[in-house]
Amino acid sequence: MPVKLGELLLKENMVTPQQLQEALAHQKMNGGKLGKAFVQLGYVRDEEITSLLSRQYGVPSINLDHFEVDPAIIKIIPAETARKYQILPLSRSGATLTIAMADPTNVFAMDDIKFMTGYNVEPVVASETSLEEAIEKYYGSARSLQLKTDGFQGGSSPGLGQAPSLKEMMEGPGLTMDDMASVGLSEVDLDSIGDEEADVETVKTEEDEIDLGALAKSSEAAPVVKLTNVLLIDSLKRGASDIHIEPYEKEFRVRFRIDGILYNVMALPLKLKDPLTSRIKIMAKLDIAEKRLPQDGRIKIKMKVEDRSRDLDFRVSCLPTLWGEKIVLRLLDKTKLMLDMTKLGFEVDSLERFKRAIAKPYGIVLVTGPTGSGKTNTLYSAIAALNKPDTNIMTAEDPVEFNLPGINQVQIKDQIGLNFAAVLRSFLRQDPNTILVGEIRDYETAEIAVKAALTGHLVLSTLHTNDAPSTVSRLVNMGIEPFLVGTAVNLIQAQRLIRRICSNCKEEVKDFPSKTLIEVGFKPEEVGSFKLFKGRGCGTCNGTGYKGRVGLYEVMEISEGIRDLIMVGATAIEIKRKALEEGMLTLRMSGLEKIKAGITTIEEVLRETVL
């Protein structure tokens with residue numbers, strides 16, 4: 001910028017060549033920016049430089065002395081970043097953040113802020129002096145920050161004494177009441193408490209002391225190893241998708257999620273809490289000493305089940321709760337991965353629409369639904385159908401659940417900056433035909449996905465929304481323009497998983513009230529034209545009456561009519577009405593079809609869908 005600003009001022013005859021040389025020499029001697037040097041030497045006023053830059057780059061200018069910034073906006077950008085780039089956040093509108101800066105050509109600053117905040121950045125020009133004063137005003141001086149960081153060490157406030165450093169507090173035996181008072185964490189009138197604390201007993205917390213040797217040794221004890229193996233094998237035999245190991249104050253329980261429903265399977269002695277937790281964490285290669293932060297890992301093991309060797313893959317999640325760490329293991333069983341789309345539960349017309357959308361050379365196909373609704377399975381089925389030698393398919397997943405041959409899969413690692421947006425940008429330089437993005441979580445990922453779809457790529461992804469029409473509103477709320485949504489998206493599909501009636505103990509339900517069927521959503525003329533079934537309960541289905549699951553699908557193809565509605569900003573209700581006119585089946589309607597086919601029960605459909 002120094003040469004550029006100097007050239008601009010010379011070009012506008014605001015300074016002479018001699019004044020430019022003097023300003024450069026002043027800058028070299030005193031540091032800072034060239035603009036400040038001109039102002040300090042009295043050759044140009046701050047406002048004149050701001051006005052010049054505003055005209056030159058077509059960026060509005062602002063007088064910060066007359067502008068008050070909301071403290072919530074200030075918090076968006078850390079003090080260090082504001083000082084580093086000499087910028088100040090001013091306002092936010094949707095996905096756009098307006099910032100004041102002295103140098104509107106500093107693309108590095110704007111890129112850094114965009115990456116850090118996830119917002120689009122709009123610059124306005126402000127003078128260097130007013131920016132410095134505003135940063136001091138809103139963020140405080142660097143000196144005051146240093147004092148806060150040092151915990152007022154060396155201070156001589158009466159009665160406070162020497163405050164401990166942060167390092168000493170972390171490494172010490174724990175904060176006393178005096179320590180807390182000394183660092184301003186708590187103000188307690190000790191005299192007013194009197195003798196009320198006499199009946200209070202201090203409870204020793206688990207975090208006081210961790211004996212790693214004892215933990216590791218206890219986790220290797222034969223009963224603990226055996227218990228862990230029993231849990232893993234039993235979950236496989238019962239067809240569980242998740243194992244929940246949950247500590248409470250007076251209870252330590254294990255639950256399995258089977259066909260989407262959680263069942264209590266075991267109540268363990270509390271003394272096994274630490275050894276079992278440590279054993280699973282060691283198997284998942286996690287830090288057994290870290291009990292305060294969530295951790296994620298993976299267990300890959302070979303198991304001999306019924307004289308057959310099986311490769312098992314468990315995704316492990318540890319979460320610190322009030323009474324210890326809750327562990328959830330998700331069983332990633334390749335044998336349960338259904339890649340044949342005809343067997344997932346699609347209605348014939350819905351499947352045709354979905355196949356048409358993924359056969360297009362470009363555009364976005366979105367699959368929506370809550371966690372555990374089978375979205376990953378649907379997307380894997382789609383890319384398995386597209387996986388041919390002449391196609392380059394790339395996926396960004398968090399985590400990669402199943403390894404698929406012939407497909408380039410990338411594991412997201414947020415802690416090192418390898419997020420969906422970063423991976424997606426790299427994908428576009430890898431000559432892909434089809435891109436799978438595990439989830440669109442923010443504006444940046446959505447923006448790149450839309451750009452990829454508009455530049456000749458097929459993009460498959462997921463979103464967390466309740467139904468297909470409301471997904472359009474979600475994308476617009478994230479900051480994507482309605483005309484881009486309408487142009488880029490080929491199809492939106494919402495889905496749920498419901499339990500199938502057990503084929504071994506399936507029986508007909510007689511004399512079911514017609515009124516109830518009509519309330520559920522059946523037309524009066526349909527009542528009596530089909531039979532209702534339920535599962536009696538047997539050994540095959542563990543007495544539940546259900547075995548296995550099937551999908552409900554709401555497939556909304558973006559036709560010309562729906563595209564026109566999206567472009568003019570129509571509501572989700574208007575889009576849904578149009579989609580129904582064009583033959584879309586809602587989730588409830590898909591469920592009613594499954595009831596008529598004798599696949600599931602009314603209770604299951606009511607549990608997962610609304611009218």
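Predicted model: local features only at pLDDT ≥ 70, side-chain atom pairs only at ≥ 80, totals over all residues.
Gly551 is buried, with a relative accessible area of 0%. Gly551 is found in strand β18. Leaving aside neighbours within four places in sequence, Gly551 is in contact with Leu344, Gly345, Arg496, Leu497 and Lys594. One more distance for this residue: Ser590 is 39 residues away from Gly551 in sequence, and the two C-alpha atoms are 8.9 Å apart in space.

Now the sheet that β18 belongs to. Seven strands make up this open sheet, and the order is β12-β11-β13-β14-β10-β15-β18, with mixed pairing. At the edges are β12, residues 408-411, and β18, residues 546-557, and each of them pairs on one side only. On average, neighbouring strands of the sheet are turned by 20° against each other, direction ignored.

Inside that order, take β10 and β14. Strand β10 covers residues 363-368, strand β14 covers residues 458-463, and the two run parallel, joined by six bridges.

Next, a residue from β11. Thr395 lies in this strand, which spans residues 393-397. Is Thr395 buried or exposed? Thr395 is buried, and its relative accessible area is 0%. Its side chain is joined to the side chain of Glu397 by a polar contact of 2.6 Å. Not counting residues up to four places away in sequence, Thr395 touches Ile383, Ile407, Asn408, Gln409, Val410, Phe427 and Leu436.

His457 lies in the loop between α19, residues 443-454, and β14. The relative accessible area of His457 is 12%, and buried is anything under 20%, so His457 is classed as buried. The side chain of His457 makes a polar contact of 3.5 Å with the side chain of Thr455. Which residues does His457 touch, not counting those up to four places away in sequence? They are Pro361, Tyr362, Gly363, Leu428, Pro432, Asn433, Ile435 and Ala452.

Next is helix α20, residues 468-477. Its buried residues are Ala468, Pro469, Thr471, Val472 and Leu475. Seen down the axis of α20, the buried residues fall within an arc of 150°, so they line one face of the helix. As a reminder, an α-helix has 3.6 residues a turn, so residues three or four places apart point the same way. Gly479 follows α20, and its phi is positive, near 115°.

The buried residues in α4 are Asp46, Ile49, Thr50, Leu52, Leu53 and Ser54. After α4 comes Gly58, with a positive phi near 65°.

There is a second open sheet to mention. It has three strands in the order β1-β2-β3, and the pairing is mixed. β1, residues 87-93, and β3, residues 120-125, stand at the edges with a single partner strand each, so one side of each is left without a neighbour in the sheet. From one strand to the next, the twist averages 30°. β1 pairs with β2, residues 96-101, in the antiparallel sense over six bridges. Within this pairing, Ser91 stands opposite Thr98 in β2. Helix α8, residues 128-139, lies across β1 and β2 and runs at about 70° to β1.

Strand β8, residues 308-321, and strand β9, residues 324-331, pair in the antiparallel sense over eight bridges.

Technical notes. Residues numbered from 1 in each chain as written. Heavy atoms only, no water. Buried < 20%, exposed > 50% of the residue type's maximum accessible area, 1.4 Å probe, protein only. Helix = DSSP H or I, 4+ residues; strand = E, 2+ residues; numbered from the N terminus. Pairing = 2+ DSSP bridges. Polar contact = N/O pair within 3.5 Å; in protein donor to acceptor, adjacent residues only side chain to side chain. Contact = heavy atoms within 4.5 Å. Arc of directions from axis to C-beta. Axes fitted to C-alpha atoms, helices over the stretch in contact; angles between N-to-C directions.
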